Amino acid sequence: MRIRTPKKNKSDLLETYLQSQTDLSPKINKSIFNKFFDIIEKNISNHITVELRNFGVFKSKLMKSRFGTDPRNKKKIYIPSKWKVSFKASDNINKKLNEKI
């Protein structure tokens, strides 16, 4: 059985948490929040590993080229190599996630 979990996007997080936790104006909070994600995005796109202590590690991984099967007509197709982002959660996050089970 799949359990549907609540979803929050970036603006929800900004409004819910940052606005209530800081004395800064909403415009400054949004600027800081966006800059933080821009820095992470820039480093990952330059293939630099980003480690956030007690949260997790973002890495860019090169997926090798391979042959696959087109599910519509069962023909072999070539899938070129490409970069993907991987995220490994820290032990702290995994413990908090699983303590309520």
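Me: Which residues of α2 are buried?

Reply: N29, F33, I40 and I44. Seen down the axis of α2, these buried residues fall within an arc of 40 degrees, so they line one face of the helix. The arc is taken from the directions that run from the helix axis to the C-beta atoms. Over on the other side of α2 you find K27, K35 and K42, which are exposed. Bear in mind that this is a predicted model, where local features need pLDDT of at least 70 and side-chain atom pairs count only at pLDDT 80 or more, while totals for chains, interfaces and linings use all residues. Residues are numbered from 1 along each chain as its sequence is written, and side-chain values use heavy atoms, with hydrogens and water left out.

Me: Why is N29 called buried?

Reply: Buried means under 20% relative accessible area, exposed means over 50%, and partly exposed is what lies in between (1.4 Å probe, protein chains only). N29 has 2% relative accessibility, so it counts as buried.

Me: What is N29 in contact with, leaving aside its neighbours within four places in sequence?

Reply: L14, L18, Q19, T22 and L24. Contact here means heavy atoms within 4.5 Å.

Me: And what do the buried residues of α2 pack against?

Reply: Against α1 (10-21), plus the strands β1 (50-52), β2 (56-63) and β5 (82-89).

Me: What makes a stretch a helix or a strand in this naming?

Reply: Both are DSSP runs numbered from the N terminus: helices are H or I with at least four residues, and strands are E with at least two. By that naming, helix α2 covers residues 26-45.

Me: Why do we say the length of α2 agrees with what a helix should span?

Reply: The expected span is 1.5 Å times one less than the number of residues. For the 20 residues of α2 that should give 28 Å, and its end C-alpha atoms are 28 Å apart, so the two agree.

Me: Now the surface. Which residues make the nonpolar patch of about 260 Å²?

Reply: L24, I28 and I32 make it. A patch takes residues with over 30% relative accessible area and no salt bridge; nonpolar side chains (Val, Leu, Ile, Met, Phe, Trp, Tyr) are joined within 5 Å, like charges within 9 Å. The areas come from the Shrake-Rupley method with a 1.4 Å probe, and for residues only the protein chains shown count as cover. I32, found in helix α2, has 48% relative accessibility, so it counts as partly exposed.

Me: Why is N43 called partly exposed?

Reply: N43 is also in helix α2. Its relative accessibility is 24%, so it lands in the partly exposed class. Not counting residues up to four places away in sequence, N43 touches I48 and V50. N34 is another α2 residue, and at 24% relative accessibility it counts as partly exposed as well. N34 and K10 sit 24 residues apart in sequence and 9.0 Å apart in space, C-alpha to C-alpha.

Me: Why is E51 with R53 called a salt bridge?

Reply: The closest N and O atoms of E51 and R53 are 3.3 Å apart, so the pair meets the rule. E51 is partly exposed at 47%, and R53 counts as exposed at 69%.

Me: What about R72 and D70?

Reply: The closest N and O atoms there are 3.5 Å apart, so R72 and D70 qualify too. R72 counts as exposed at 76% relative accessibility, whereas D70 counts as buried at 13%.

Technical notes: Salt bridge = Lys/Arg side-chain N within 4 Å of Asp/Glu carboxyl O.
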